[in-house]
Amino acid sequence: MIIKILVFNIPLISAIYILVGIKLFREREKNRVNYFSLLMFATAIYSFGYFLELNCESLDTLLLVRNFEFFGTILIPSFGILFVAELTKFEVTKKIKSILFIISALFWLVFITNPFHSLFYKSINLLVGEYGVTLTEKGTVYYLFMVYIGVFLISSSIMLLKAYQKAKKKNRKNSVLFVLIIFQIPWLAILIIILGYDTYIDPVPATIMIMCVLFVVNEIKNDMFELQINRWKNTFANIGEPAFLVSKGSEIVCSNMNANYLINELKISVKDITEILDNGELDSKPVFFTINDEVRWFNINKNDFDIKNKLKNYLLIDITENRLANEELRISEEKYRLLVTQMQQGLAVHEVILDEVGKPIDYRFLGTNESFWRLTGLKHENVIGKTVLEILPSTESYWIEKYGQVALTGEPIQYENYSQELGKYFEIIAYSPQPKQFAVIISDISERKRLEIALSNEKNLIETTLISVGDGVISTDNKGNVVFLNRVAEFLTGWTQATARGKSIEEVCNSVNEFTREKNENIVEKVLESRKILEFSGYTLLISKDGSERHIEGSAAPIMQENEEIVGIVLVVRDFSEKKQKEIEIFYLSYHDQLTGLFNRRFYEEELKRLDTERNLPMTIVMADVNGLKLINDSFGHVMGDELLIKVAEVMTKGCRTDDIIARLGGDEFVILLPKTGPFETEQIIKRIKGLASKEKVGSIDISISFGYETKNNMEEKIQEIFKKAEDHMYKKKLFEGPSMRGKTINAIINTLHEKNKREEQHSHRVSALCKSMGEILGLPEHEIEELESVGLLHDIGKIAIDENILNKSGELIEDEWKEIKRHPEIGYRILNTVNDMSDMANYVLYHHERWDGKGYPKGLKGDEIPLVSRIISIADAYDAMTSERSYRSAMPKKIAIEDLQQNAGLQFDPVLIRVFVENSKLTSD
């Protein structure tokens with residue numbers, strides 16, 4: 001029955017697919033392919049092929065028809081994915097499109113190629129009855145194709161689900177949801193195939209055709225909706241009034257340009273807009289919206305545009321101009337009415353009352369406005385028809401007389417006065433509108449009078465403030481004559497305000513340039529010309545009336561009225577002397593080395609640029625380096641190093657000429673610039689400096705300076721290259737002079753240490769002797785024994801940098817003092833390591849407090865990692881320390897000391913060396 005239905009309907013369905021495909025294929029918007037039309041063509045090919053398959057009577061015909069049918073089958077997933085991507089606005093790259101078509105091509109090639117066809121169907125049988133029924137045994141590639149179908153369904157469902165979540169318009173959501181549901185239908189067919197029930201019924205044709213029919217229905221539905229939208233656009237898109245189409249869910253379906261502008265500017269939801277419009281339409285009243293701070297009025301025309309889709313059309317007719325015209329007319333009428341009733345000034349019209357001789361004795365109220373009542377407290381209904389004396393019996397007679405003269409003569413008056421009756425100040429304008437009548441316009445000026453009084457008080461306060469302010473303040477008129485001086489200005493200028501008033505500012509504020517001593521320009525005239533605030537700097541000297549001088553700085557500013565007319569100048573002057581002195585000090589520090597007082601690198605670099613001219617040739621650059629500074633810093637501390645640098649600076653200053661420029665570049669490097677100086681004169685200067693240095697010492701340390709120089713003889717030579725050559729010459733000299741200096745310094749260090757502590761000297765000699773004996777017993781070569789003896793003598797050289805109070809402390813050392821003592825191996829290493837041929841000895845000194853078990857210091861070396869010499873020194877040092885008298889204990893008997901050594905063998909000391917040391921009486925006998 002199902003087959004019969006398919007057979008009868010397949011040609012019709014195929015024709016529908018082709019017609020829909022052709023119709024959509026012609027709609028090539030934006031030069032892109034309509035993939036839904038291609039999907040329709042692929043489905044038509046498949047459907048027609050399947051129709052032919054059902055009518056096959058031979059297997060050969062079936063195989064031919066199946067090639068045609070399968071061509072449509074493999075294109076459906078590829079075009080399906082691209083159709084969904086197009087529907088959901090998901091961008092598919094050219095690379096992905098190529099992959100999809102390659103996959104389709106590969107499947108089709110496998111299917112139509114005889115050698116590989118069996119990978120798709122292992123066997124095909126045709127049962128011919130009323131219609132042809134095909135029985136197949138599926139191969140591996142068939143199931144791979146099913147996987148491809150599954151990927152197609154899953155990827156399409158994901159894209160549709162994302163599009164559904166992002167879609168804002170309801171009709172769009174419904175369309176995407178409908179397609180998403182359609183894509184779940186094939187899973188039933190896949191399940192039937194996987195379970196093997198397709199032997200009896202093939203679900204694929206029915207599934208494909210049902211899906212594509214539903215797709216067609218959806219597209220037609222969308223097309224019908226688009227027709228409705230186009231009909232609306234044709235009607236409302238180009239009209240001059242805002243119009244928009246709204247769905248049931250208050251969603252804008254379509255709108256014209258004016259409506260877009262209106263909705264965007266309102267910045268409220270569409271639902272709120274439609275509610276306002278619905279209420280206006282229900283009440284038959286226009287509505288208004290505020291757009292860019294402008295109120296716009298609209299009449300509403302609302303109708304059902306599409307009942308089926310529940311679309312409502314709103315047309316807004318702008319009536320703003322008509323409404324504004326009517327409103328302006330109403331306002332104009334109201335304005336003239338309110339001009340009198342609501343004016344801020346009080347208005348009252350009176351009739352004068354005369355006595356028998358025609359003299360004004362009273363006046364009667366004929367009319368008032370509201371402001372008159374507000375200002376005076378006299379209400380309209382309580383005063384009309386009454387006289388002023390009936391209402392205000394205490395009214396002064398001169399008010400009645402003045403007003404009477406206005407009513408009788410017609411001459412207006414204007415004046416200010418205080419009303420005792422009302423307790424207010426009033427400004428009054430009185431005029432006569434008709435004979436024997438007068439009108440008064442009154443303004444309450446009590447607040448203005450209060451401000452005038454406050455302003456007067458404020459003026460007095462400002463003058464008091466200016467008098468006591470910390471800066472000098474001088475004001476002049478617009479001709480430059482002094483008007484005011486405060487106390488500080490009187491002090492600075494030597495003039496009092498009384499004697500200075502009316503004098504020229506140049507006479508009172510006598511200022512000159514501190515360098516040229518020329519009189520400064522008249523700053524008041526400059527301000528009057530420029531109409532700007534001008535400043536004068538700290539290079540200005542103010543000469544007081546008594547002749548004293550001060551550095552000053554300050555500013556001058558114009559005093560302007562509201563019409564921008566300059567009525568005077570105000571000068572603010574402050575004493576700059578103390579600040580000037582600080583600037584001089586800062587300038588000195590910026591160009592001088594703080595330690596030595598010589599020029600610094602910054603000054604040297606600027607001066608080098610200045611001096612690098614032809615008139616200074618030949619110019620010589622001398623580089624100098626203090627030998628042994630680091631060694632002295634490490635051994636004696638930076639205070640001794642600083643003393644050395646200061647002494648070197650003194651020596652170089654004495655040895656150079658007055659005009660020579662000496663600068664400290666940093667650390668131990670100095671440079672001397674010698675303009676107009678050749679090599680011969682330079683040698684004499686260096687010789688003189690060295691001679692002076694040889695006569696000086698810092699403590700027990702000789703002063704040693706290495707020099708190098710280079711002379712620039714012509715402008716073609718680069719000054720930086722001259723500097724580099726001078727530096728190279730200096731370093732070559734340092735290679736020869738430095739080691740000798742370091743050797744002398746080490747001897748001085750040893751001597752200084754021994755002078756500080758005679759006990760350390762004796763200890764060092766004893767340790768040296770023990771080390772020598774140990775070397776002889778061990779059979780070491782002669783040169784190693786000599787080295788061992790020397791290291792024993794120097795092993796505690798690092799104690800030169802330890803505080804003397806700690807070295808000579810009588811009691812036990814605290815933890816911090818022990819930490820200080822433990823620094824001496826590293827200090828000794830740094831001292832000895834400065835001498836090239838003592839680097840091995842430096843290492844031995846560094847490790848002489850390491851322990852055999854690795855618990856020593858400073859590196860925590862263990863066992864044979866410790867040099868042999870260091871292990872020997874460790875034993876000799878410990879033995880002598882125990883058997884010698886210390887400041888905090890008596891000497892230990894040698895027997896006990898030997899037992900202590902034996903107990904620590906393998907812990908603190910090398911066990912083999914301990915055995916050698918203990919077994920040789922030469923080492924331990926008295």
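Keep in mind that the model is predicted, so local features need pLDDT of at least 70 and side-chain atom pairs count only at pLDDT 80 or more, while totals for chains, interfaces and linings use all residues. Residues are numbered from 1 along each chain as its sequence is written, and side-chain values use heavy atoms, leaving out hydrogens and water.

**Overall make-up**
- You'll find 37 helices and 24 strands here; these are DSSP runs, with helices (H or I) of at least four residues and strands (E) of at least two, numbered from the N terminus.
- Of the 926 residues, 44% are buried, meaning under 20% relative accessible area with a 1.4 Å probe, protein chains only.

**One side of a helix**
- In helix α32 (residues 824–832), the buried residues include H824, I827 and I831.

**Aromatic rings**
- There are 12 aromatic pairs (Phe, Tyr or six-membered Trp rings with centres within 6.5 Å; planes under 30 degrees apart are stacked, over 60 edge-to-face, the rest tilted).
- Y604 and F723 make a tilted pair, because their ring centres are 6.1 Å apart and their planes at 40°.
- Y604 sits in helix α23 and F723 in helix α27, so their pair ties together parts 119 residues apart in sequence.
- Y604 is buried at 4% relative accessibility, and F723 is buried at 14%.

How values were computed: Buried means under 20% relative accessible area, exposed over 50%, partly exposed in between (1.4 Å probe, protein chains only).
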